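Dear colleague,

I am passing on the structure below, and my notes on it follow. Please read them with the coordinates open beside you.

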Amino acid sequence: MSGLFQRDPRAGAFLGGDRVSGQDIRDQNVIAAQSIANIVKSSLGPLGLDKMLVDNIGEVTISNDGATILSLLSVEHPAGRIFVDLAQKQDKEVGDGTTSVVIIAAELLRRANELVKAKIHPTTVITGYRLACREACRFMQEQLSIRVDVLGREALINAAKTSMSSKIIGNDDDLFAPMAVDAMVAVKSVNNRGETKYPVKAVNVLKAHGKSARESLFVKGYALNCTVASQAMKTRITNAKIACLDINLQKARMQLGVQIVVENPEELEAIRRRESEITLERVRKILAAGANVILTTKGIDDLCLKEFVEAGAMAVRRCRKEDLRRIARATGGTLVSSLANLEGEESFEPTLLGTAEEVVQERISDDELILIKGTKVVSSASIVLRGANDYMLDEMERALHDTLSVIKRTLESGSVVPGGGAVETALSIYLENFATSLGSREQLAIAEFAGALLIIPKTLAVNAAKDSTELVAKLRSCHNAAQKANAGEPKKAYLRYGLDLLNGQVRDNVTAGVLEPTMSKTRSLKSAFEAAVSLLRIDDAIQCVPGAPGVLIV
Amino acid sequence: MTTLAATPAPAKSGSNAAFNDKGKPMEVRLSNMVAAKAISDAVRTSLGPRGMDKMIQTSKGEVIVTNDGATILRSIQALHPAAKMLVDLSAAQDVEAGDGTTSVVVLAGSLLGGAEKMLNKGIHPTIIAESFLKASVKAVEYLTEISVPINLDDNAALLRAATTSLNSKIVSQYSSTLAPIAVQAVRRLVTQTSSNVDLRDIRIVKKVGGTIEDTELVEGVVLNQNVVVSAGGPTRVEKAKIGLIQFQLSAPKPDMDNTVIINDYRQMDKVIKEGRQYLLNMFKKIKKTGCNALLIQKSILRDAVDETALSFLKKLNILVVKDVERDEIEFLSKSLGCKPIADIEAFTEDKLGYAELVEETSDSGPKVVKITGVKHKGKTVSILAMGSNNLVLEECERSLHDALCVVRCLVKKRALIAGGGSPEIHVSRLLANYAHSLKGMEAYCFQAYADALEVIPTTLAENAGLNPIAIVTELRNRHALGERNAGINVRTGLISNILDEDVVQPLLVSTSAIELATETICLLLKIDDYVQAR
């Protein structure tokens with residue numbers, strides 16, 4: 001019993017699980033962050049390459065999108081997970097720039113760790129970084145960004161092209177970029193508070209394999225990935241009156257807890273008839289209101305189909321609710337979930353119907369699609385993607401999503417900055433000068449922040465198999481000259497210089513049409529800063545033993 | 001267990017008459033102390049504005065990044081019983097003062113160090129415990145003496161205290177946003193005479209999206225839930241009459257054992273129609289009162305609303321929010337000035353609440369239901385907390401809670417003292433002087449207590465990357481020269497008048513930290529045996 005206390009308690013930890021503190025945990029976090037960044041590093045830029053990811057059930061994904069790659073990795077280290085979250089956040093908020101945000105954050109963290117090793121307190125580094133980040137965003141807004149209205153539609157297409165240049169559809173950007181811009185412009189809507197919105201989700205992207213990517217089409221109207229419920233129905237209806245239902249048009253069943261007891265065999269037939277009559281009455285009411293296109297999220301049984309066929313209407317069952325809601329909005333109709341009216345009876349008002357010029361079923365590759373063209377209230381847009389196989393289609397869809405997001409951001413924020421490493425280099429030069437104007441410890445942190453930004457042009461050049469050192473040096477000299485020049489001097493134009501990765505030169509990226517939305521850049525800089533700082537502030541990591549909490553060890 | 005009692009006491013030389021400790025109790029004490037100190041060391045680095053964060057992976061695998069002492073200690077697995085006492089200590093401080101959860105544990109660790117030295121001198125634990133308690137009373141006295149009384153109308157003073165508390169958190173860069181929110185929130189609830197604030201009347205609604213800067217104090221009420229829009233009902237109602245109902249708007253179902261039996265086809269129509277009629281009757285009653293916004297309590301037995309009901313609601317232009325939790329009812333009814341309605345029969349107009357506007361907005365990302373312009377508003381406050389991800393949001397909520405507590409402390413005890421290690425040095429100096437006037441073992445204990453208090457400035461300096469010895473001695477020197485408000489200015493790394501730097505804390509935080517820490521270690525000191533009961 002006296003042995004109970006003989007073990008020297010000072011050696012033992014009084015905490016369950018592992019604990020790593022101080023420099024060790026900082027190093028660990030940096031390594032975790034670096035390894036995450038290294039995975040996506042080679043996919044940055046127009047000449048970045050794709051990754052093939054195979055999950056544990058053998059599902060293959062081929063992607064160039066940072067957020068997609070990271071979401072498929074199973075990251076164990078908590079710091080690594082923060083980085084994966086970072087990419088996801090950028091994806092959600094901006095939709096593009098997911099790779100670069102991770103690379104910048106990892107570089108910021110690595111350089112901060114070096115500073116900490118040189119006996120600079122982490123909080124000093126954080127203050128410096130914060131200053132640098134704020135200054136950088138300000139400089140970007142004031143000096144580098146260009147209003148879109150100055151550049152016009154061309155700018156939107158260029159921004160779209162820049163976004164897709166690194167993706168699988170980059171080769172066909174002359175086809176996809178105008179397509180994406182048209183789609184986003186078509187779905188423009190103004191909400192009840194007078195704000196103009198460009199909902200990315202409102203662009204309906206459908207995938208159909210077969211043919212080449214160049215055969216992808218843009219449909220002005222809404223495409224539904226469904227077919228008419230019966231072959232006997234018409235496949236083309238002009239001047240369509242559309243009823244969007246969320247009702248099951250099948251034989252009525254009594255609710256749970258209601259039993260039907262049949263005592264008389266003649267009753268049986270009557271009950272059966274009544275069961276179908278209940279639904280048929282509903283169908284007739286809908287038809288009587290003038291509907292000739294009926295879309296429902298639920299089923300339609302044969303009995304009702306017959307009714308529709310006889311009335312010469314088109315009926316589509318099992319549509320997605322989300323689709324119907326959008327169709328209802330676009331056509332000016334209402335998604336109806338119950339026919340009950342306030343008198344306790346059932347009725348269907350003609351005002352609930354939406355209108356469109358034409359509803360037609362078309363065959364695209366093997367699939368039949370229903371297209372709703374010429375919607376009355378809001379114009380809508382759908383893009384049908386074609387491609388050799390499903391992997392390619394999936395990646396095309398992701399790439400298109402990124403592009404659409406970029407267009408949305410450009411339209412909403414209204415300004416763009418030159419891409420191709422131009423912004424990063426300009427900021428780096430600016431921050432270096434800014435750092436020397438400060439006489440405190442933060443100076444070092446700001447200088448490191450400036451250095452960290454150069455990772456983007458460097459990686460771009462490396463991925464393009466160009467001499468990164470020489471190119472970046474050239475670029476820096478341009479930007480230095482530009483920032484030293486007074487307003488009005490011709491050298492000021494060097495501010496827009498970025499990398500030309502195909503030819504290995506520097507050029508004016510605004511005239512070359514390499515543009516990115518300002519908002520995407522500022523957001524990614526801020527998020528990268530936040531992620532790096534949140535990891536830098538950690539000086540202790542405690543991993544509790546999974547499962548058994550509080551086992552008493554004395 | 002007999003062997004335990006029979007453990008022979010190691011015979012010490014009898015000449016020391018003061019106190020002969022037996023081997024076993026000493027070991028128990030030391031083991032307790034070491035365990036408790038390990039806990040205090042674990043949180044030490046997160047003290048102060050330059051304190052660092054901890055990343056904790058809990059046993060469930062989720063990751064918490066925090067700077068809040070109470071949260072850190074709650075999340076780690078403290079194994080030793082003595083260590084658990086320190087965890088509880090921090091929780092107690094959280095309840096009592098809400099802030100200073102880290103410093104209370106650090107202080108306890110340091111006091112234990114002092115007690116250990118006293119034990120080694122051969123002073124009996126009960127004497128140490130008693131002297132420490134006396135010293136703590138004296139310390140509280142000294143603290144009260146230097147405190148500056150404040151008026152609750154002094155917005156700037158409250159803001160300074162809240163900002164000081166927030167500055168040590170991860171969200172420090174947003175202290176200019178959060179501090180006014182905390183001060184405003186509490187000030188709305190208090191009157192000149194109130195002696196406490198019920199923090200349950202301040203509700204923090206968390207929504208992921210936007211940034212911390214979007215956090216706001218809402219003029220009215222914010223709901224956790226969203227509007228039910230699946231049938232396309234309204235999301236904005238002006239001049240709303242709000243009903244808070246605890247029954248369901250769906251067709252009734254027969255009980256499990258009962259069934260409705262139909263034996264005629266005409267009755268089938270009747271069943272369907274009856275269901276509709278039943279709902280319709282309810283809605284007629286609701287409509288008659290003029291109600292146009294409904295909040296429905298969550299029910300596990302029946303759907304709150306079914307599709308027919310939703311379509312009726314849409315036709316009647318009534319806004320619906322469902323899944324209101326049981327424990328929210330009290331807050332909502334208080335803040336909306338309405339009464340919960342348990343049955344449709346009791347649905348009368350006088351139970352409704354009135355508001356200018358009920359609206360679901362998504363200004364800064366996530367959809368949020370806001371009820372503004374409430375007519376008979378109760379004394380409650382809603383804060384809408386935003387953050388870009390869950391980790392940040394949780395920490396934002398914790399920091400906001402701390403800031404609210406700081407302001408609450410000022411309501412409880414309307415006095416401020418300086419921060420930055422200044423009060424601790426002040427008390428330590430006076431206690432040491434006082435110790436010289438004492439005789440016997442008490443004098444030693446008072447001296448040890450005074451020394452132990454210096455851990456706060458030492459840790460502040462250490463965490464800020466300064467030289468603790470140089471800083472603390474200079475601080476002592478300044479205090480001896482009569483600069484009562486000299487403290488560590490962490491920003492510049494120098495000693496300066498800390499009141500000029502606006503670093504202030506409520507008196508209650510410091511006094512409760514000293515009292516709680518002292519009591520806990522006195523309890524620990526008095527333990528001399530450890531028996532594991534099966």
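How closely do the axes of helix α1 and helix α3 of chain A come, and at roughly what angle do they cross? Before the answer, a word on conventions. This is a predicted model, in which local features need pLDDT of at least 70 and side-chain atom pairs count only at pLDDT 80 or more, while totals for chains, interfaces and linings use all residues. Residues are numbered from 1 along each chain as its sequence is written, chains are lettered from A and ligands numbered from 1 in the order in which they are written, and side-chain values use heavy atoms, with hydrogens and water left out.

Helix α1 (residues 22–41) and helix α3 (residues 78–93) of chain A have axes that come within 8 Å and cross at roughly 40°. Axes here are lines fitted to C-alpha atoms, for helices over the stretch in contact, and angles run from 0 to 180 degrees between N-to-C directions; helices (H or I, at least four residues) and strands (E, at least two) are DSSP runs, numbered from the N terminus. That angle makes α1(A) oblique to α3(A), given that angles under 35 degrees count as roughly parallel, over 145 as roughly antiparallel, 65 to 115 as roughly perpendicular and the rest as oblique. On the α1(A) side the contact (heavy atoms within 4.5 Å) is made by Asn29(A), Ala32(A), Ala33(A) and Ile36(A), and on the α3(A) side by Ala79(A), Gly80(A), Phe83(A) and Val84(A). By class, these residues are 6 nonpolar, 2 polar and no charged, where Ala, Val, Leu, Ile, Met, Phe, Trp, Tyr, Cys and Pro count as nonpolar, Asp, Glu, Lys and Arg as charged, and the others, Gly among them, as polar.

As a whole, chain A has 17 helices and 21 strands. Its radius of gyration, taken over C-alpha atoms, is 30 Å, well over the 24 Å that the globule rule (2.2 Å times the number of residues to the power 0.38) gives for 554 residues, so chain A is more spread out than a compact globule. The C-alpha trace of chain A spans about 95 × 90 × 45 Å along its principal axes.

In chain B, the axes of helix α9 (residues 265–288) and helix α10 (residues 307–315) come within 10 Å and cross at roughly 40°, and the two helices are therefore oblique to each other. Arg276(B), Leu279(B), Leu280(B) and Phe283(B) of α9(B) meet Thr308(B), Ala309(B), Phe312(B) and Leu313(B) of α10(B) in this contact, whose residues divide into 6 nonpolar, 1 polar and 1 charged.

Also in chain B, helix α7 (residues 155–167) and helix α8 (residues 175–189) have axes that come within 9 Å and cross at roughly 130°, and α7(B) and α8(B) are therefore oblique to each other. Among the contact residues are Leu158(B) and Leu159(B) of α7(B) and Leu178(B) and Val183(B) of α8(B); by class the contact has 8 nonpolar, 5 polar and 1 charged residues.

Finally, on confidence, the model scores ipTM 0.74 and pTM 0.80. Chain A averages a pLDDT (the predictor's confidence in each residue, from 0 to 100) of 83, and 93% of its residues score at least 70. The pLDDT stays under 50 over residues 1–13 of chain A, and is below 50 over residues 549–554 of chain A. Chain B averages a pLDDT of 84, with 94% of the residues at 70 or above, whereas over residues 1–18 of chain B the pLDDT is below 50.
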